[in-house]
Amino acid sequence: MDYVPALARWVHLLAGVMWIGLLYYFNFVQVPALKAAAADGTGAGITKHIAPRALLYFRWSAVVTWLAGAALLGNQFVNAFTFQKGMGAIGIGAWLGTIMLFNVWALIWPNQQKILGMKPATDEEKAKARRVALLASRTNMMLSIPLLFFMAGGWSHRGTFGL
Amino acid sequence: MTNPLESIWGTIISGVILTAILYWAALALLH
């Protein structure tokens, strides 16, 4: 069954690139673009056609990334999450990824549904939703930096960082 | 003090600082 971790690693990387790529798209491109568009009233196309599609791939690639990561850990799953010997680095990565998945589904997606009009919300609720979604997205962007440091462990990390 | 997550650069710098903190935590867990 050696092909299971090999395929899981591949899928984990593919889905992870999509997830974090879209996270960086939101933070580096869409948020500033919507701010600029608000000034001249041209944001409707982004919120109607782009944001819902980006969010669709964003939230589901997050799920696939986590599941493939869990499959890759296999019988080391509990050892990683409980930081057993030799699993400290990947354990931190696994916890960061799990917190980020929670942020996507519990904070970003429900609030984006209100912002984009997929769920009914008053203007006041939308303003609050914007704030929560932005801070959750920024939190995930911040967490992605140590996440990738710990996830991308290999010979260079062992040699240079002692991990 | 403003929330560092208000800006992209504040977010990136926070992420790098968090990486350093967690790195030392990981070393402590390993040894």
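Angles between axes under 35 degrees count as roughly parallel, over 145 as roughly antiparallel, 65 to 115 as roughly perpendicular, and the rest as oblique. The axes are lines fitted to C-alpha atoms, for helices over the stretch in contact, and the angles run from 0 to 180 degrees between N-to-C directions.

This is a predicted model, in which local features need pLDDT of at least 70, side-chain atom pairs count only at pLDDT 80 or more, and totals for chains, interfaces and linings use all residues. Residues are numbered from 1 along each chain as its sequence is written, while chains are lettered from A and ligands numbered from 1 in the order in which they are written.

## The two chains

Helices (H or I, at least four residues) and strands (E, at least two) are DSSP runs, numbered from the N terminus. Chain A has six helices and zero strands. Read from the N terminus, its elements run α-α-α-α-α-α. Chain B has one helix and zero strands.

A residue is buried if 20 or more other C-beta atoms lie within 10 Å of its own, exposed if 12 or fewer, and partly exposed in between; the C-beta atoms are placed from the backbone. The table sets out the chains.

| Chain | Residues | Buried | Span of the C-alpha trace along principal axes |
|---|---|---|---|
| Chain A | 163 residues | 31% | about 55 × 30 × 25 Å |
| Chain B | 31 residues | 13% | about 35 × 15 × 5 Å |

Two residues are in contact if their C-beta atoms, placed from the backbone, lie within 7 Å. Take the contacts in chain A with a separation of 6 or more. Residues 24 or more positions apart account for 69% of them.

## Helix 2 against helix 4 in chain A

Helix 2 of chain A covers residues 44-73. It packs with helix 4 of chain A at an angle of about 155°, and their axes are 10 Å apart. The two helices are therefore roughly antiparallel to each other. Their crossing is left-handed. Left-handed means that the near helix is turned anticlockwise from the far one by less than a right angle; right-handed means clockwise.

Which residues of helix 2 of chain A meet helix 4 of chain A? They are A:Leu55, A:Arg59, A:Ala62, A:Trp66, A:Gly69 and A:Leu73. Among their partners in helix 4 are A:Ala94, A:Gly97, A:Leu101 and A:Trp105. The residues of this contact divide into nine nonpolar, four polar and one charged. Here Ala, Val, Leu, Ile, Met, Phe, Trp, Tyr, Cys and Pro count as nonpolar, Asp, Glu, Lys and Arg as charged, and the others, Gly among them, as polar.

## Where chain B meets chain A

In this interface, 15 residues of chain B are in contact with 17 residues of chain A. The side of chain B that touches chain A has 11 nonpolar residues, four polar and no charged.

Helix 1 of chain B has 23 residues and should span 33 Å, at 1.5 Å a residue. The expected span is 1.5 Å times one less than the number of residues. The end C-alpha atoms of the helix are 32 Å apart, which agrees.

The crossing is right-handed. On the chain A side, A:Gly88, A:Ala89 and A:Ile92 take part. They meet B:Leu22, B:Ala26, B:Leu29 and B:Leu30.

Which residues in helix 1 of chain B are buried? They are B:Thr11, B:Gly15, B:Leu22 and B:Ala26. The buried residues of this helix pack against helix 4 and helix 5 of chain A.

A:Phe150 lies in helix 5 (residues 123-151) of chain A. It counts as buried because it has 23 C-beta neighbours inside 10 Å. Leaving aside neighbours within four places in sequence, A:Phe150 is in contact with A:Ala89, A:Ile90, A:Ile92 and A:Gly93. A:Phe150 and A:Leu163 are 13 residues apart in sequence and 8.7 Å apart in space, C-alpha to C-alpha.

Is A:Thr42 buried or exposed? A:Thr42 has 12 other C-beta atoms within 10 Å, so it is exposed. It lies in the loop between helix 1 (3-40) and helix 2 of chain A.

A:Phe83 is found in the loop between helix 3 (77-81) and helix 4 of chain A. It is partly exposed, with 19 other C-beta atoms within 10 Å. Most residues other than glycine have a negative phi. Phi of A:Phe83 is near 55°, a positive value.
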